[in-house]
Amino acid sequence: MSILFESTLGWIISHQNFFGHLQTSSTDIISSSGVLKLKLNPDLFQINKPFVQEKKIRNIAKTGEDENEVEKQFSELINSGSSQAFKVNFMSGSIEKGQEQSSADDNNTTARKTARNFYNELSHLDFIGDELRFNGANTTDAAVISQVAGHSFLFPYNTQFYCGDVKEVIFKHFSDKENLFDLIIMDPPWKNKCIWRNNKRKRTEGGGYRLVDNDEIGSIPVNKIARDRALIIVWCTNATAHRDDIINYMFPKWNVTYLTTWYWVKVTHSGTPICPFNISSKKQPYETIVIGRHFLPHNKRKEISSSTSHEDITSRKIIISQPSALHSHKPPLIDILLKFLPSQPKCCELFARYLVPGFISIGNEVIKLQHVSLYVDKNTNPDT
C-alpha cells in the first residue's frame with residue numbers, strides 16, 4: 001500500500017512502498033533462501049536536499065544560503081491566496097523523517113549517481129528498435145525475471161504489456177474491441193523547449209524519448225478503448241497551453257468531461273519541496289494531473305448497478321511524495337484512484353515506462369524502468 005496519510009486535502013504516498021514486496025523464484029538470480037524478494041533501490045529516492053543547478057552550487061556555498069531560506073519561501077507561498085492548493089498539513093510521521101545533513105555541494109549525489117549509472121548501463125539499447133518491440137504478460141502471482149536483448153528485466157505479477165508506438169498498438173491489437181477500460185492513465189512526452197533541450201543531453205545518457213505534439217496526442221483513440229464513465233488521467237507539464245489543450249481540445253474529442261486538476265508535489269526526505277515555488281514560469285516543485293470522465297453516447301450507455309457505483313472526483317487535491325531521481329518516473333496512483341473506480345476495474349496506461357500489477361501497459365519504453373539494476377534484494381537491503 002502506497003498511501004501513508006490521507007485527508008480532505010489529498011494524500012502523502014510512497015512510491016517505494018508500492019514496489020517494496022516483489023517476490024520471485026527466477027533462476028536468473030538466486031538468493032540464499034531460493035526465493036528472491038525485491039524492492040526498488042532506495043538510493044533512487046535519496047532526495048535529501050532541494051535540487052540545485054550545478055552551476056549555482058559554488059554561489060550557495062559562498063553566500064551561506066541554506067534550506068531555511070527555501071522553507072521560509074515555501075511557507076510564505078502556501079499561505080498566500082494564490083497557493084491555497086498547496087497548503088498541506090505535514091502530520092508527524094506521515095513522511096519518513098530524515099536529517100538533512102548533507103552540505104549544499106552534495107546536491108543529492110547518491111540519487112543522481114544511481115540514476116546516471118542506470119542510464120549508462122542502458123545507453124546502447126534502442127527502445128524503439130525491432131528488438132524491443134514485443135508484447136507479453138505475466139499472469140502468475142509472482143514476479144518473473146527474464147532476459148531481453150541481453151539484459152535482465154523484472155516483470156511484476158499480473159501484468160500485461162505492449163512495447164511499441166501507442167497509437168499503432170491500439171489500432172493493431174484493439175481495433176476489434178471497444179469500451180475496454182475503466183481507467184486510462186497517460187503520461188505523454190510533451191513537446192516544449194525546455195524538455196527538448198534536456199532531451200538532447202539525456203539522449204546521450206539513454207534517458208531520452210521522442211517528444212510528441214498535442215495534435216498527435218489528441219489523435220489517440222482514447223474514446224474507442226474507454227468504457228462509459230471511465231476515468232481519464234493525464235499527467236501534464238505546468239505549461240498552460242498543454243493543460244488548456246487537454247481540457248478544450250483533447251477531452252471533447254474523446255467525449256471526456258473535465259472534472260478537476262490535481263497536483264503532485266515533490267518533496268525531500270523531510271518534506272521540503274525539491275525547489276522553491278515560483279509565481280513566474282520558472283521550474284516548479286510540482287506536476288499537474290488533469291482528470292476527466294469518458295461518457296458514451298446515450299444510445300450506447302448501460303444503467304449502472306449499485307455494485308458498480310463509485311465515488312466521483314469533484315475537488316482539487318494534492319499528492320505528496322519523494323520523487324525518484326529517474327526522468328519521468330512518476331509515482332503509481334492506483335491506490336488513490338480505487339475509490340473512484342468500480343470494483344475490479346480494468347486499467348490501462350499509455351506511454352507507460354514501468355509495469356503496474358492489474359494494468360495493461362502500452363508504450364515504446366514500457367519495460368525500461370523494469371531493468372533489474374533498479375531493484376535490490378530485501379534480504380540484503382532490509383527496510384530501515
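Trainee: Why is T114 called buried?

Mentor: Buried means under 20% relative accessible area, exposed over 50% and partly exposed in between, with a 1.4 Å probe and protein chains only. T114 comes out at 16%, so it counts as buried. Keep in mind that this is a predicted model, where local features need pLDDT of at least 70, side-chain atom pairs count only at pLDDT 80 or more, and totals for chains, interfaces and linings use all residues. Residues are numbered from 1 along each chain as its sequence is written, and side-chain values use heavy atoms, without hydrogens and water.

Trainee: Where does T114 sit, and what does it touch?

Mentor: T114 is in helix α4, residues 109-121; helices are DSSP runs of H or I with at least four residues, strands are E runs of at least two, and both are numbered from the N terminus. Leaving out residues up to four places away in sequence, T114 touches N41, D43 and L44, where contact means heavy atoms within 4.5 Å.

Trainee: What makes F118 and Y119 a tilted pair?

Mentor: Rings of Phe, Tyr and Trp (its six-membered ring) pair if their centres lie within 6.5 Å; planes under 30 degrees apart are stacked, over 60 edge-to-face, and the rest tilted. That rule gives twelve aromatic pairs here. F118 and Y119 have 5.6 Å between centres and 50 degrees between planes, hence tilted. F118 is buried at 2%, and Y119 is buried at 7%.

Trainee: Why is the F174 and F181 pair edge-to-face?

Mentor: Their centres are 6.2 Å apart and their planes stand at 65 degrees, so the pair is edge-to-face. Both F174 and F181 are buried.

Trainee: What makes K317 count as lying over the face of W11?

Mentor: A charge sits over a ring if NZ of Lys or CZ of Arg is within 6 Å of the ring centre and within 35 degrees of the ring normal. K317 is 5.9 Å from the ring centre of W11. K330 lies over the face of W235 at 5.4 Å. W11 is also linked by ring pairs with W262 and F340 into a cluster.

Trainee: Why do β3 and β16 count as edges?

Mentor: The open sheet has the order β3-β4-β16, with antiparallel pairing. β3 (22-24) and β16 (375-377) each have a single partner strand, so one side of each lacks a neighbour in the sheet.

Trainee: How do you know that β4 and β16 pair?

Mentor: Pairing takes at least two bridges found by DSSP, and three bridges join β4 (residues 36-40) to β16, running antiparallel. In β16, D377 is the bridge partner of L38.
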